[in-house]
Structures are given as C-alpha cells and as structure tokens.
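The sequence and structure come first.

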Amino acid sequence: MTVLVIDAQGGGIGRQLVLSIKQALPDVEILAVGTNAAATAAMLKAGAPSAATGENAVVVCVGKADIIVGPIGIVIADSMLGEITPKMALAVAQSSAKRILIPFSHCDTVIAGTEMASTTDLIQKTVTEVKKSCGVS
C-alpha cells in the first residue's frame, strides 16, 4: 500500500501526518510531495523516505498512490495561498486513489462543523481512516 502525503506552506500538517502514519503503519510506503521546498523538507525531517516538490511531482505521484492524504485544499484550485495550482487540484481529484482529506477551514474556504475540531484530533481521525483503508483496525 502506498500513501501519498501532500502539503503546502510550511508543511506542518504533512509533517504530523508522516510521523503519525509511520508510527501507526510502519510497513506502509509513504511518498511525500510538498508544493514548495519548505513543505517537502518538513516531511523529510519527519521521516518520509521519498519526497519531491512541485506541480509535476503531484501530477506524477497521484498515479503511484493507493491513498492520498492531505488538507482539503489539495483539491481546490488556487487554495493554500495559491500554492495549489489548477493542475494539481485536478490531478488529485481525478486520481483513482482513495482520498482522505482533512477538513481545515482557512484561506476563504469554510467547512461548516469543523470549528470545534483540533488539529490533533483531525490528524488522529485521518490516521484511523488510513488504517481502515489499509485493512488494519
């Protein structure tokens, strides 16, 4: 099973995802793609064994993934302060991989009902969904 973690900006969410997924599922292959060098570096520091940066990396890696994990902005063109290009959002949205998206409300996208969820809780719920998708309970 290959899990692709995509993140932007400073890569803090991607870093937390890589750490948590590695801990919960040590045998899963993790690919990390940052929309910029800082996001990629954060995921590499967290222990991602394979990482790349930029639009083409997103487009290529979504085709290699069984599961794609990241903030909901990865499927919204021009989100994350413009770091998600239309081509990136389309590639993620059209991928045959299962998408597990974290519902963050920011950058003019509001997801009703998420106001009370902490980042820690959202990361844990995401890892639980990844485990289910990998057949681990």
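Helices (H or I, at least four residues) and strands (E, at least two) are taken here as DSSP runs and numbered from the N terminus. The model is a predicted one, in which local features need pLDDT of at least 70 and side-chain atom pairs count only at pLDDT 80 or more, while totals for chains, interfaces and linings use all residues. Residues are numbered from 1 along each chain as its sequence is written, and side-chain values use heavy atoms, with hydrogens and water left out.

**Overall fold**

The protein has six helices and five strands. Their order from the N terminus is β-α-β-α-β-α-β-α-α-β-α. The radius of gyration is 13 Å, close to the 14 Å that the globule rule gives for 137 residues, so the protein is as compact as a globular protein of that length. This radius is taken over C-alpha atoms, and the rule is 2.2 Å times the number of residues to the power 0.38. Along the principal axes, the C-alpha atoms fill a box of roughly 35 × 35 × 30 Å.

Of the 137 residues, 45% are buried (buried means under 20% relative accessible area, exposed over 50%, partly exposed in between; 1.4 Å probe, protein chains only). Among contacts (heavy atoms within 4.5 Å) with a separation of 6 or more, 70% are between residues 24 or more positions apart.

**Helix α2**

Helix α2 spans residues 37–45, and its residues Ala39, Thr40, Ala42 and Met43 are buried. These residues cover an arc of only 160 degrees around the axis, which puts them on the same side of α2; the arc is that of the directions from the helix axis to the C-beta atoms. An α-helix has 3.6 residues a turn, so residues three or four places apart point the same way. The face turned away from the buried side carries the exposed residues Ala37 and Lys45. The buried residues of α2 pack against β1 (2–7), α1 (12–24), β2 (29–34) and β3 (50–53).

Threonine 126 is part of helix α6 (residues 119–133), whereas valine 28 sits in the loop between α1 and β2. The table leaves out touching residues up to four places away in sequence.

| Residue | Relative accessible area | Residues touched |
|---|---|---|
| Threonine 126 | 5%, buried | Leu17, Val69, Ile100 and Ile102 |
| Valine 28 | 14%, buried | Met1, Val3 and Cys134 |

Valine 28 and serine 133 are 105 residues apart along the chain, and their C-alpha atoms are separated by 11 Å.
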